[in-house]
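Colleague: I've got the coordinates open and would like to go through them with you. Could we take it feature by feature?

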Amino acid sequence: NSLVGENDTLYHLGDFCFGQKQNVYGTARNYRDKIRCRNIHIVWGNHDSFSIGNLFSTANLMNTARWNGSEFVLCHYAMAIWDKMHRNKMHLYGHSHSSAEEMLNEKFPGRRSMDVGVDNAAKLLGAYRPFSVEEIIDLIGNKKGHSLDHHEI
């Protein structure tokens, strides 16, 4: 809440919360009500129950976002190839809790993708918190990218 205002837009890339199976909705509702931001979009994670979808502005398996001329593909999982990656579109995900970043950087040098989960924020920014879009662009926006399909970067 100290970083996200009531009228901001927040994207949550999955695994919103855990709760007892019989009360997952109540647990999710409790956490959602504590976030003052009204405009939250969830991208489903492997631990999310579809029953909580109505707590969010949108709920999707994948999403896209634009900000100030930058475009993003949002998914819970890291992908090697995504839509318009050859045209500077960036890819954001969260499933791996920052544990895959070193390997992915080695396998895909210059990639314009990153784990934006709070674990990676703690590693890169020193606190468990959301990334701002400006921080994401500073970290990966100027990388050259990689190409595994027929497109040239």
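**A walk through the model**

Colleague: In which loop does Leu 61 lie?

Modeller: Strands here are DSSP runs of E, at least two residues, and helices are runs of H or I, at least four, all numbered from the N terminus. On that count, Leu 61 sits in the loop between β3 (58-60) and β4.

Colleague: Before we go on, what should I know about the model and the numbering?

Modeller: It's a predicted model: local features need pLDDT of at least 70 and side-chain atom pairs pLDDT 80 or more, while totals for chains, interfaces and linings use all residues. Side-chain values use heavy atoms, with hydrogens and water left out, and each chain, as its sequence is written, is numbered from 1.

Colleague: Is Leu 61 buried or exposed, and at what relative accessible area?

Modeller: With a 1.4 Å probe and protein chains only, under 20% relative accessible area is buried, over 50% is exposed, and in between is partly exposed. Leu 61 is exposed, and its value is 61%.

Colleague: Which residues does Leu 61 touch, leaving out those up to four places away in sequence?

Modeller: Contact here is heavy atoms within 4.5 Å. For a sense of the surroundings, Gly 45 is 16 residues away in sequence, with a C-alpha to C-alpha distance of 7.9 Å from Leu 61. As for what Leu 61 touches, that's Val 43, Trp 44 and Cys 75.

Colleague: How much space lies in the largest pocket?

Modeller: On a 1 Å grid over the protein atoms alone, a pocket is an open set of points where a 1.4 Å probe fits, with protein on both sides within 12 Å along at least five of seven lines; lining residues have an atom within 4 Å of a point. Points are joined across faces, edges and corners, and the volume is what probe spheres set on them fill. For the largest pocket, that gives about 1,200 Å³.

Colleague: Which residues lie nearest the centre of the largest pocket?

Modeller: The lining of the largest pocket comes from several elements, with at least two residues each from β1 (9-12), β4 (62-67), β5 (70-75), α3 (118-125) and α4 (133-140). By class, that lining has 20 nonpolar, 11 polar and 8 charged residues; Ala, Val, Leu, Ile, Met, Phe, Trp, Tyr, Cys and Pro count as nonpolar, Asp, Glu, Lys and Arg as charged, and the others, Gly among them, as polar. Of the 39 lining residues, the ones nearest the centre are Leu 10, Tyr 11, Val 116, Pro 130 and Phe 131.

Colleague: Which residues of α3 are buried?

Modeller: Their cover includes α2 (101-107) and β7 (113-115). After α3 comes Gly 126, with a positive phi near 85°. The buried residues of α3 are Asn 120, Ala 121 and Ala 122.

Colleague: Ser 98 isn't a glycine, so what is its phi?

Modeller: Most residues other than glycine have a negative phi. Ser 98, in the loop between β6 and α2, is buried at 6%. Asn 88, in the loop between β5 and β6 (90-93), has a positive phi near 75°. For Ser 98, phi is also positive, at about 70°.
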